[in-house]
Amino acid sequence: MKEKGLHPKNKFDKGYNFDELIKVNPKLKPFVATNKYDSVTIDFSNPEAVKELNKALLFTYDAISVWDFPDANLCPPIPGRLDYIHHLNDLFSSEENIKILDIGTGATCIYPLLGVAEYHWNFVATDIDLDSLDTAQDIIYDNKLESKIELRQQLDEQQILKGILKDEDSFSATICNPPFYKSAEEAQGANKRKNRNLGNNAVRNFSGNNNELWYVGGEKAFLHNYLYESSLFKEKSNWFTSLVSKKENVESLEKSSKKLGVKEFKVIPMSQGNKVTRIVCWRFL
(Lines give C-alpha, C1' and ligand atoms only; values in the text may rest on other atoms or scores of the structure.)
Protein backbone atom coordinates (compact mmCIF):
# COMPACT_ATOMS: atom_id res chain seq x y z
CA MET A 1 0.00 0.00 0.00
CA LYS A 2 1.50 3.34 -1.04
CA GLU A 3 0.32 6.62 0.46
CA LYS A 4 0.12 9.41 -2.13
CA GLY A 5 1.66 12.79 -1.49
CA LEU A 6 3.12 12.32 1.98
CA HIS A 7 5.95 14.55 3.18
CA PRO A 8 9.37 13.21 2.01
CA LYS A 9 10.45 12.79 5.66
CA ASN A 10 7.35 10.74 6.53
CA LYS A 11 8.53 7.27 7.58
CA PHE A 12 5.28 5.71 6.27
CA ASP A 13 5.71 7.13 2.76
CA LYS A 14 6.67 3.73 1.34
CA GLY A 15 3.59 1.90 2.64
CA TYR A 16 3.28 -0.61 5.49
CA ASN A 17 5.45 -3.60 6.35
CA PHE A 18 2.81 -5.68 8.13
CA ASP A 19 5.31 -8.27 9.39
CA GLU A 20 7.23 -5.55 11.22
CA LEU A 21 4.03 -3.86 12.43
CA ILE A 22 2.74 -7.13 13.93
CA LYS A 23 6.01 -7.44 15.87
CA VAL A 24 5.44 -4.10 17.63
CA ASN A 25 1.68 -4.69 18.03
CA PRO A 26 0.74 -8.40 17.99
CA LYS A 27 -2.97 -7.45 18.36
CA LEU A 28 -2.87 -6.34 14.71
CA LYS A 29 -2.25 -9.89 13.43
CA PRO A 30 -5.89 -11.18 13.32
CA PHE A 31 -6.87 -8.26 11.07
CA VAL A 32 -4.15 -8.69 8.44
CA ALA A 33 -5.09 -10.71 5.34
CA THR A 34 -4.43 -10.96 1.60
CA ASN A 35 -7.19 -9.29 -0.42
CA LYS A 36 -8.55 -10.20 -3.88
CA TYR A 37 -5.82 -8.10 -5.52
CA ASP A 38 -3.19 -10.25 -3.79
CA SER A 39 -2.14 -7.39 -1.49
CA VAL A 40 -1.51 -7.82 2.23
CA THR A 41 -3.72 -5.30 4.04
CA ILE A 42 -6.53 -4.82 6.58
CA ASP A 43 -10.25 -4.10 6.22
CA PHE A 44 -10.30 -0.29 6.57
CA SER A 45 -14.05 -0.33 7.24
CA ASN A 46 -13.40 -2.23 10.50
CA PRO A 47 -12.70 0.35 13.26
CA GLU A 48 -10.95 -2.21 15.45
CA ALA A 49 -8.55 -3.11 12.63
CA VAL A 50 -7.89 0.57 11.91
CA LYS A 51 -7.17 1.25 15.57
CA GLU A 52 -4.71 -1.64 15.91
CA LEU A 53 -2.96 -0.59 12.68
CA ASN A 54 -2.50 2.97 13.93
CA LYS A 55 -1.29 1.69 17.30
CA ALA A 56 1.31 -0.40 15.48
CA LEU A 57 2.46 2.61 13.44
CA LEU A 58 2.86 4.65 16.63
CA PHE A 59 4.71 1.83 18.41
CA THR A 60 7.42 1.89 15.72
CA TYR A 61 8.77 4.82 17.78
CA ASP A 62 10.89 3.80 20.78
CA ALA A 63 9.40 6.64 22.83
CA ILE A 64 5.84 5.26 22.66
CA SER A 65 4.70 1.83 23.84
CA VAL A 66 1.20 2.52 25.27
CA TRP A 67 -1.71 4.25 23.50
CA ASP A 68 -5.08 3.38 25.02
CA PHE A 69 -8.22 5.48 24.56
CA PRO A 70 -11.99 4.84 24.39
CA ASP A 71 -13.54 3.70 21.10
CA ALA A 72 -15.85 6.73 21.29
CA ASN A 73 -12.90 8.99 20.51
CA LEU A 74 -11.55 9.59 17.03
CA CYS A 75 -8.69 7.28 16.03
CA PRO A 76 -6.31 9.58 14.15
CA PRO A 77 -4.61 8.25 10.99
CA ILE A 78 -0.94 8.40 11.98
CA PRO A 79 0.65 9.07 8.53
CA GLY A 80 -1.50 12.18 7.99
CA ARG A 81 -0.95 13.49 11.53
CA LEU A 82 2.80 12.93 11.14
CA ASP A 83 2.75 14.98 7.93
CA TYR A 84 1.49 18.03 9.86
CA ILE A 85 4.44 17.64 12.27
CA HIS A 86 6.97 17.44 9.41
CA HIS A 87 5.48 20.45 7.61
CA LEU A 88 5.56 22.38 10.87
CA ASN A 89 9.23 21.51 11.30
CA ASP A 90 9.90 22.99 7.84
CA LEU A 91 8.74 26.38 9.20
CA PHE A 92 11.56 26.40 11.76
CA SER A 93 14.87 27.29 10.14
CA SER A 94 17.52 26.92 12.85
CA GLU A 95 15.31 27.38 15.88
CA GLU A 96 16.19 25.39 19.01
CA ASN A 97 14.14 24.47 22.09
CA ILE A 98 10.93 24.17 20.09
CA LYS A 99 7.73 24.47 22.14
CA ILE A 100 4.32 23.89 20.55
CA LEU A 101 0.78 24.71 21.69
CA ASP A 102 -1.64 21.97 20.58
CA ILE A 103 -5.21 23.27 20.55
CA GLY A 104 -7.82 20.53 21.07
CA THR A 105 -5.42 17.66 21.68
CA GLY A 106 -8.22 15.12 22.30
CA ALA A 107 -7.99 11.87 24.23
CA THR A 108 -5.29 10.49 21.92
CA CYS A 109 -2.82 13.38 22.47
CA ILE A 110 -1.51 12.46 19.02
CA TYR A 111 0.33 15.59 17.90
CA PRO A 112 2.38 15.90 21.11
CA LEU A 113 3.26 12.19 20.98
CA LEU A 114 4.46 12.45 17.37
CA GLY A 115 6.26 15.75 17.95
CA VAL A 116 8.14 14.32 20.92
CA ALA A 117 8.90 11.00 19.19
CA GLU A 118 10.07 12.56 15.91
CA TYR A 119 11.72 15.84 17.00
CA HIS A 120 11.90 15.87 20.85
CA TRP A 121 9.75 19.02 20.97
CA ASN A 122 8.00 20.23 24.13
CA PHE A 123 4.23 20.73 24.19
CA VAL A 124 1.39 22.42 26.00
CA ALA A 125 -1.81 20.62 24.92
CA THR A 126 -5.34 21.88 25.56
CA ASP A 127 -8.88 20.55 25.43
CA ILE A 128 -12.30 21.49 26.78
CA ASP A 129 -13.28 17.89 27.58
CA LEU A 130 -12.06 16.70 30.98
CA ASP A 131 -12.51 13.01 30.15
CA SER A 132 -10.30 13.46 27.07
CA LEU A 133 -7.65 15.19 29.16
CA ASP A 134 -7.77 12.40 31.77
CA THR A 135 -7.17 9.81 29.03
CA ALA A 136 -4.40 11.91 27.49
CA GLN A 137 -2.76 12.27 30.91
CA ASP A 138 -2.78 8.49 31.37
CA ILE A 139 -1.07 8.10 27.98
CA ILE A 140 1.56 10.69 28.98
CA TYR A 141 2.22 8.91 32.31
CA ASP A 142 2.33 5.45 30.72
CA ASN A 143 5.00 6.62 28.26
CA LYS A 144 6.87 8.67 30.92
CA LEU A 145 6.54 11.90 28.96
CA GLU A 146 5.47 14.21 31.83
CA SER A 147 8.55 16.39 31.32
CA LYS A 148 7.70 16.93 27.62
CA ILE A 149 3.90 17.38 27.55
CA GLU A 150 1.80 19.64 29.82
CA LEU A 151 -2.01 19.52 29.66
CA ARG A 152 -4.37 22.46 30.29
CA GLN A 153 -8.16 22.55 30.28
CA GLN A 154 -10.03 25.22 28.33
CA LEU A 155 -12.99 26.03 30.57
CA ASP A 156 -14.90 28.20 28.06
CA GLU A 157 -15.90 26.40 24.85
CA GLN A 158 -16.30 29.76 23.07
CA GLN A 159 -12.61 30.54 23.61
CA ILE A 160 -9.53 29.07 21.98
CA LEU A 161 -6.42 30.91 23.21
CA LYS A 162 -8.05 33.07 25.87
CA GLY A 163 -8.01 31.47 29.30
CA ILE A 164 -5.21 29.09 28.26
CA LEU A 165 -2.17 31.29 27.75
CA LYS A 166 -0.02 32.33 30.71
CA ASP A 167 2.13 35.45 31.00
CA GLU A 168 5.34 33.44 30.74
CA ASP A 169 4.24 31.41 27.68
CA SER A 170 6.23 31.63 24.45
CA PHE A 171 5.67 29.18 21.59
CA SER A 172 7.40 28.40 18.33
CA ALA A 173 4.02 27.51 16.80
CA THR A 174 0.44 26.59 17.56
CA ILE A 175 -1.12 23.51 15.97
CA CYS A 176 -4.81 22.69 15.55
CA ASN A 177 -7.15 20.18 13.91
CA PRO A 178 -10.46 22.08 14.10
CA PRO A 179 -13.99 20.67 14.32
CA PHE A 180 -15.50 20.38 10.82
CA TYR A 181 -19.24 20.48 11.47
CA LYS A 182 -21.79 23.03 12.65
CA SER A 183 -23.86 20.68 14.78
CA ALA A 184 -24.14 17.14 16.14
CA GLU A 185 -26.79 16.43 13.47
CA GLU A 186 -24.46 17.46 10.64
CA ALA A 187 -21.66 15.29 12.08
CA GLN A 188 -24.01 12.28 12.35
CA GLY A 189 -25.14 12.77 8.74
CA ALA A 190 -21.52 12.76 7.56
CA ASN A 191 -20.91 9.61 9.59
CA LYS A 192 -23.82 7.83 7.87
CA ARG A 193 -22.59 8.88 4.42
CA LYS A 194 -19.05 7.72 5.15
CA ASN A 195 -20.23 4.33 6.41
CA ARG A 196 -22.49 3.92 3.38
CA ASN A 197 -19.55 4.66 1.06
CA LEU A 198 -17.51 2.03 2.89
CA GLY A 199 -20.35 -0.45 2.44
CA ASN A 200 -20.58 -0.57 6.21
CA ASN A 201 -23.88 0.59 7.69
CA ALA A 202 -23.71 -1.17 11.03
CA VAL A 203 -20.30 -0.26 12.47
CA ARG A 204 -19.09 3.23 13.27
CA ASN A 205 -15.73 3.65 11.61
CA PHE A 206 -16.08 7.38 12.15
CA SER A 207 -16.08 7.86 15.92
CA GLY A 208 -15.73 11.12 17.77
CA ASN A 209 -17.35 12.87 20.70
CA ASN A 210 -19.06 16.23 20.28
CA ASN A 211 -16.20 18.65 20.82
CA GLU A 212 -13.97 16.70 18.41
CA LEU A 213 -16.46 16.91 15.55
CA TRP A 214 -18.50 20.08 15.77
CA TYR A 215 -18.42 23.73 16.82
CA VAL A 216 -21.25 26.27 16.57
CA GLY A 217 -20.83 27.82 13.11
CA GLY A 218 -18.59 24.97 11.93
CA GLU A 219 -14.99 25.11 10.74
CA LYS A 220 -15.29 28.64 9.35
CA ALA A 221 -16.52 30.13 12.63
CA PHE A 222 -13.84 28.28 14.60
CA LEU A 223 -11.04 29.44 12.30
CA HIS A 224 -12.13 33.08 12.34
CA ASN A 225 -12.40 33.02 16.13
CA TYR A 226 -8.93 31.46 16.30
CA LEU A 227 -7.51 34.07 13.91
CA TYR A 228 -9.06 36.94 15.89
CA GLU A 229 -7.77 35.60 19.23
CA SER A 230 -4.30 35.13 17.73
CA SER A 231 -4.26 38.88 17.00
CA LEU A 232 -4.76 39.50 20.73
CA PHE A 233 -1.76 37.30 21.58
CA LYS A 234 0.43 37.97 18.53
CA GLU A 235 3.68 37.86 20.52
CA LYS A 236 2.90 34.55 22.24
CA SER A 237 3.72 32.42 19.19
CA ASN A 238 5.98 32.86 16.19
CA TRP A 239 3.52 30.94 13.98
CA PHE A 240 -0.19 30.17 14.33
CA THR A 241 -1.31 27.19 12.24
CA SER A 242 -4.35 25.01 11.58
CA LEU A 243 -5.59 22.27 9.32
CA VAL A 244 -8.34 23.57 7.02
CA SER A 245 -10.58 21.07 5.21
CA LYS A 246 -12.64 23.47 3.08
CA LYS A 247 -10.80 25.44 0.42
CA GLU A 248 -13.26 28.36 0.57
CA ASN A 249 -12.42 28.89 4.25
CA VAL A 250 -8.82 29.65 3.30
CA GLU A 251 -9.86 32.61 1.14
CA SER A 252 -12.02 34.24 3.82
CA LEU A 253 -9.32 33.61 6.43
CA GLU A 254 -6.64 35.27 4.31
CA LYS A 255 -8.88 38.28 3.70
CA SER A 256 -9.55 38.69 7.43
CA SER A 257 -5.88 38.16 8.29
CA LYS A 258 -4.89 41.29 6.34
CA LYS A 259 -7.35 43.40 8.33
CA LEU A 260 -5.88 42.04 11.58
CA GLY A 261 -2.29 42.91 10.66
CA VAL A 262 -0.91 39.47 9.75
CA LYS A 263 2.57 39.96 8.24
CA GLU A 264 2.91 36.53 6.60
CA PHE A 265 0.20 34.09 5.48
CA LYS A 266 1.00 30.79 3.80
CA VAL A 267 -0.89 27.68 2.73
CA ILE A 268 0.77 24.26 2.71
CA PRO A 269 -1.15 21.69 0.61
CA MET A 270 -1.33 18.13 1.93
CA SER A 271 -2.78 15.03 0.29
CA GLN A 272 -3.09 11.54 1.67
CA GLY A 273 -4.62 9.01 -0.67
CA ASN A 274 -7.71 10.63 -2.19
CA LYS A 275 -8.08 13.20 0.59
CA VAL A 276 -6.81 16.72 -0.05
CA THR A 277 -6.44 19.17 2.81
CA ARG A 278 -4.10 22.00 3.75
CA ILE A 279 -2.30 23.68 6.64
CA VAL A 280 -2.83 27.42 6.94
CA CYS A 281 -0.03 29.32 8.71
CA TRP A 282 0.13 32.97 9.72
CA ARG A 283 2.27 35.22 11.87
CA PHE A 284 2.34 38.81 13.05
CA LEU A 285 6.04 39.17 13.92
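**A guided tour of side-chain contacts**

Select Tyr-84 to begin; at 0% relative accessibility, this residue counts as buried. The model on display is a predicted one.

**Aromatic pairs**

A pair of aromatic rings is described by the distance of the centres and the angle of the planes. The structure holds 10 aromatic pairs. For Tyr-84 and Tyr-111 the ring centres are 5.2 Å apart and the planes stand at 75 degrees, so this pair is edge-to-face. Now display the secondary structure: Tyr-84 belongs to helix 3 (residues 78-91) and Tyr-111 to helix 4 (residues 110-119), so the pair ties together parts that are 27 residues apart in sequence.

Phe-92 is found in the loop between helix 3 and strand 3 (99-103), and Trp-121 in the loop between helix 4 and strand 4 (122-127), so the pair ties together parts that are 29 residues apart in sequence. Phe-92 and Trp-121 are both buried.

For a cluster of rings, select Phe-222, Tyr-226, Phe-240, Trp-282 and Phe-284, which are linked by ring pairs.

**The nonpolar cores**

In soluble globular proteins, nonpolar side chains tend to be buried together. Here, the largest nonpolar core has 54 residues. To find the residues with the most contacts inside this core, select Leu-58, Trp-67, Leu-88, Ile-100, Trp-121 and Ile-149. Then centre the view on Leu-88: leaving aside residues up to four places away in sequence, Leu-88 touches Ile-100, Trp-121, Ala-173, Ile-175 and Thr-241. A second, separate core has 22 residues, among them Cys-176, Leu-223, Tyr-226 and Phe-240.

**Charges over rings**

Which residue lies over the face of Tyr-61? Select Lys-11, which is 3.7 Å from the ring centre of Tyr-61. Then turn to Phe-69, where the charged end of Lys-51 sits over the ring, 4.2 Å from its centre.

A search of the whole structure finds eight salt bridges. For another, select Glu-20 and Lys-23, whose closest N and O atoms are 3.2 Å apart. Both residues lie in helix 1 (residues 18-24), three residues apart, about one turn of the helix. An α-helix has 3.6 residues a turn, so residues three or four places apart point the same way. Glu-20 is partly exposed, with a relative accessible area of 42%, and Lys-23 is exposed, at 61%.

Continue to Arg-283 and Glu-264, a salt bridge in which the closest N and O atoms are 2.9 Å apart. This pair also links distant parts of the chain: Arg-283 is in strand 9 (residues 275-283) and Glu-264 in strand 8 (residues 264-272), 19 residues apart. Glu-264 is partly exposed, with a relative accessible area of 30%.

**The network around Arg-152**

Now select Glu-150, Arg-152, Lys-166 and Asp-169 together; salt bridges that share partners join these residues into one network. Within the selection, focus on Arg-152, which is placed in strand 5 (residues 149-153). Is this arginine buried or exposed? Arg-152 counts as buried, at 9% relative accessibility, because buried means under 20%. The side chain of Arg-152 makes a polar contact with the side chain of Asp-169, at 2.7 Å.

**Last stop: helix 9**

Finally, select helix 9 (residues 247-259). Its buried residues include Asn-249, Val-250, Ser-252, Leu-253, Ser-256 and Ser-257. Helix 9 is followed by Gly-261, whose phi is positive, near 90 degrees.

Definitions and conventions. Residues are numbered from 1 along each chain as its sequence is written. This is a predicted model: local features need pLDDT of at least 70, side-chain atom pairs count only at pLDDT 80 or more; totals for chains, interfaces and linings use all residues. Side-chain values use heavy atoms; hydrogens and water are left out. Rings of Phe, Tyr and Trp (its six-membered ring) pair if their centres lie within 6.5 Å; planes under 30 degrees apart count as stacked, over 60 as edge-to-face and the rest as tilted. Helices (H or I, at least four residues) and strands (E, at least two) are DSSP runs, numbered from the N terminus. Buried means under 20% relative accessible area, exposed over 50%, partly exposed in between (1.4 Å probe, protein chains only). A charge sits over a ring if NZ of Lys or CZ of Arg is within 6 Å of the ring centre and within 35 degrees of the ring normal. A polar contact is a pair of N or O atoms within 3.5 Å; within protein, one must be able to donate a hydrogen and the other to accept it, and residues adjacent in sequence count only if both atoms are side-chain atoms. A salt bridge is a side-chain nitrogen of Lys or Arg within 4 Å of a carboxyl oxygen of Asp or Glu. A nonpolar core is a set of buried Ala, Val, Leu, Ile, Met, Phe, Trp, Tyr and Cys residues joined through side-chain atoms within 4.5 Å. Contact means heavy atoms within 4.5 Å.
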